[in-house]
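Biologist: I'm new to this one. Can you walk me through it?

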Amino acid sequence: MTKNVLTVNEDADFTEACRLMQQMKIHHLPVVDKEGQLKGIFTANDALKAYNEKVFNRVITEEDTVNELIKISQIMSQKEIYSLDLESELDYALTLMKEFDIHSIAVLDEGKIIGIVTSTDILNVCDVKSE
């Protein structure tokens with residue numbers, strides 16, 4: 001599990017969220033409301049899909065225009081928000097990832113995000129166990 005998770009608010013600028021993922025070399029960014037409650041996960045795939053659908057073939061010269069066209073709250077993964085608690089077993093995380101074809105699961109404590117488990121975290125655990 002990754003602790004000290006970076007998050008963005010629902011009203012974050014698309015370009016700023018993408019820049020944050022790029023700078024921090026992450027692919028999953030939990031989206032929280034003003035109270036810190038998890039509302040969804042913004043992923044690199046969400047960003048690519050939205051940019052391709054809403055911006056790619058348009059002539060856009062200003063960053064503000066991109067942020068007007070793409071709203072994080074509208075494109076984040078939110079249909080089903082799968083989460084774990086601190087007592088969850090690794091096998092349960094693997095089951096969720098496989099069954100729902102997801103690559104990250106938030107770890108919550110009283111509805112607030114305290115960590116995130118990604119497919120990279122699981123691969124790292126598998127690598128350690130194989131040594």
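Modeller: We'll go from the overall fold to the core, then the pockets, then a few single residues.

Biologist: What kind of model is it?

Modeller: It is a predicted model: local features need pLDDT of at least 70, side-chain atom pairs count only at pLDDT 80 or more, and totals for chains, interfaces and linings use all residues. Residues are numbered from 1 along each chain as its sequence is written, and side-chain values use heavy atoms, with hydrogens and water left out.

Biologist: How many helices and strands are there?

Modeller: The protein chain has six helices and six strands. Helices (H or I, at least four residues) and strands (E, at least two) are DSSP runs, numbered from the N terminus.

Biologist: In what order do the elements run?

Modeller: From the N terminus on, the order is β-α-β-β-α-α-α-β-α-β-β-α.

Biologist: How much of the chain is buried?

Modeller: Of the 131 residues, 34% count as buried. Buried means under 20% relative accessible area, exposed over 50%, and partly exposed in between (1.4 Å probe, protein chains only).

Biologist: And the accessible surface?

Modeller: It comes to about 8800 Å², with 47% belonging to carbon and sulfur atoms. The areas come from the Shrake-Rupley method with a 1.4 Å probe; for residues, only the protein chains shown count as cover.

Biologist: Now the inside. Which residues touch the most other members of the largest nonpolar core?

Modeller: Phe14, Leu29, Phe42 and Ile70 do, in a core of 16 residues. At least two core residues come from each of α1 (14–24), β2 (28–32), α2 (44–54) and α4 (72–75). The largest share, four residues, is from α1.

Biologist: What do you mean by a nonpolar core?

Modeller: A set of buried Ala, Val, Leu, Ile, Met, Phe, Trp, Tyr and Cys residues joined through side-chain atoms within 4.5 Å. In soluble globular proteins, nonpolar side chains tend to be buried together.

Biologist: What is Phe14 in contact with?

Modeller: Leaving aside neighbours within four places in sequence, Phe14 is in contact with Phe42, Ala47, Tyr51, Val66, Asn67, Ile70, Ile72 and Ile75. Contact means heavy atoms within 4.5 Å. There is also a second, separate core of ten residues, including Tyr82, Leu84, Ala93 and Leu96.

Biologist: Back to α1. Which of its residues are buried?

Modeller: Phe14, Thr15, Ala17, Leu20 and Met21 are buried in α1. Just after that helix, Lys25 has a positive phi of about 55°.

Biologist: Where does Val8 sit?

Modeller: Val8 lies in strand β1 (residues 8–9). It is buried, at 9% relative accessible area. Not counting residues up to four places away in sequence, Val8 touches Ala17, Leu20, Leu29, Pro30, Val31 and Val32.

Biologist: Is Leu48 buried or exposed?

Modeller: Leu48 is exposed, with a relative accessible area of 60%. Leu48 is in helix α2.

Biologist: What lines the largest pocket?

Modeller: There are 27 lining residues, and the closest to the centre are Ile41, Thr43, Asp46, Ser77 and Ile102. The largest share of that lining, seven residues, comes from α2.

Biologist: And the second largest pocket?

Modeller: Its volume is about 310 Å³. Of its 15 lining residues, Thr2, Ile26, His27, His28 and Thr118 are the closest to its centre. The largest share of this lining, four residues, comes from α6.

Biologist: Last topic. Which loop holds Asp101?

Modeller: Asp101 is in the loop between α5 (90–100) and β5. Its phi is near 50°, a positive value in a residue other than glycine. Asp101 is exposed, with a relative accessible area of 61%.

Biologist: What about Glu110?

Modeller: Glu110 is in the loop between β5 and β6. Its phi is near 55°, also positive. At 75% relative accessibility, Glu110 counts as exposed. Most residues other than glycine have a negative phi.

Technical notes: On a 1 Å grid over the protein atoms alone, a cavity is a set of points where a 1.4 Å probe fits but cannot get out, and a pocket is an open set with protein on both sides within 12 Å along at least five of seven lines; lining residues have an atom within 4 Å of a point. Grid points are joined across faces, edges and corners, and a volume is the space filled by probe spheres set on the points.
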